[in-house]
Amino acid sequence: MTENKITDRDNALFEAGIKLGALYHQFTGSPVNLKTVSSLEQAIQESISVQPFVENISVKIDRDLLKSKLNSEFGYTELQGPMLEVKITVKYGSSRVKVAMEFDSELNYPLMKIEDIE
């Protein structure tokens, strides 16, 4: 059996993927409107930023898409994956990775991806 050494890079990428997946599944479905969108962005950032190895996070919710989804009677909608633009930097040991999630119009899907590895 070949012995595979798990590197800091491997762990950084794993941690970053966990952060994106947790964020997506924890917060999609949250009630949101134009008055609460900024506080929801902040809450998501603060929630994920306390997790181990997170150096930086930015969360933006697409206001135009949000506005187009608002229920006319009640004035709110649920946060949906296509509304999210997220960037996270994770540092694990000697490795730093930058990952992102943003809507890919060709795939019609909020795609998670690796942007940089240091």
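Colleague: Which side chain does Glu 102 meet in a salt bridge?

Modeller: A salt bridge here is a side-chain nitrogen of Lys or Arg within 4 Å of a carboxyl oxygen of Asp or Glu. The side chain of Glu 102 meets that of Lys 113, at 2.8 Å from N to O. Glu 102 lies in strand β5 and Lys 113 in strand β6 (residues 109-117), so the pair ties together parts that are eleven residues apart in sequence. Before going on, note that this is a predicted model, in which local features need pLDDT of at least 70 and side-chain atom pairs count only at pLDDT 80 or more, while totals for chains, interfaces and linings use all residues. Residues are numbered from 1 along each chain as its sequence is written, and side-chain values use heavy atoms, with hydrogens and water left out.

Colleague: Where do the names of helices and strands come from, and in what order do the elements run?

Modeller: Helices (H or I, at least four residues) and strands (E, at least two) are DSSP runs, numbered from the N terminus. This chain has three helices and six strands. Their order from the N terminus is α-β-α-β-α-β-β-β-β. The C-alpha trace spans about 60 × 30 × 25 Å along its principal axes.

Colleague: Are Glu 102 and Lys 113 buried or partly exposed?

Modeller: Buried means under 20% relative accessible area, exposed over 50%, and partly exposed in between, with a 1.4 Å probe and protein chains only. Glu 102 is partly exposed at 27%, and Lys 113 is partly exposed at 33%. Of the 118 residues in the chain, 31% count as buried.

Colleague: How many salt bridges are found in the whole structure?

Modeller: The search finds seven. One of them joins Arg 96 to Glu 55, with the closest N and O atoms 2.7 Å apart. Arg 96 lies in strand β5 and Glu 55 in strand β2, so this pair ties together parts that are 41 residues apart in sequence. Arg 96 is partly exposed at 24% relative accessibility, and Glu 55 is partly exposed at 43%. Glu 55 and Arg 96 also belong to a network of salt bridges with Lys 98 and Glu 118.

Colleague: What does Lys 19 form a salt bridge with?

Modeller: Its partner is Glu 15, and the closest N and O atoms are 2.5 Å apart. Lys 19 and Glu 15 are four residues apart in helix α1, which means they are separated by about one helical turn. Lys 19 counts as buried, at 2% relative accessibility. Glu 15 counts as buried too, at 18%.

Colleague: Which residues does Glu 15 touch, leaving out those up to four places away in sequence?

Modeller: Contact means heavy atoms within 4.5 Å. On that basis Glu 15 touches Pro 52, Phe 53, Val 90 and Tyr 92. For the chain, among contacts between residues at least 6 apart in sequence, 56% join residues at least 24 apart.

Colleague: How does one check the span of a helix, taking α2 as the case?

Modeller: The expected span is 1.5 Å times one less than the number of residues. Helix α2 (residues 37-49) has 13 residues and should span 18 Å; its end C-alpha atoms are 18 Å apart, which agrees.

Colleague: Which residues of α2 are buried?

Modeller: They are Val 37, Leu 40, Glu 41, Ile 44, Gln 45 and Ile 48. These residues cover an arc of only 135 degrees around the axis, which puts them on the same side of α2. The arc is that of the directions from the helix axis to the C-beta atoms. Their cover includes α1 (8-27), β1 (31-32), β2 (54-61), α3 (63-69) and β4 (84-92).

Colleague: What is a nonpolar core, and how many residues has the largest one here?

Modeller: In soluble globular proteins, nonpolar side chains tend to be buried together. A nonpolar core is a set of buried Ala, Val, Leu, Ile, Met, Phe, Trp, Tyr and Cys residues joined through side-chain atoms within 4.5 Å. The largest one here has 25 residues, and those with the most contacts inside it are Leu 23, Ile 44, Leu 79, Leu 84, Val 86 and Ile 88. Two or more residues come from each of α1, α2, β2, β4 and β5 (95-104). Helix α1 gives the largest share, six residues.

Colleague: What does Ile 88 touch, not counting residues up to four places away in sequence?

Modeller: Its contacts include Lys 19, Leu 20, Ile 48, Val 54, Asn 56, Ile 57, Val 97, Lys 98 and Val 99.
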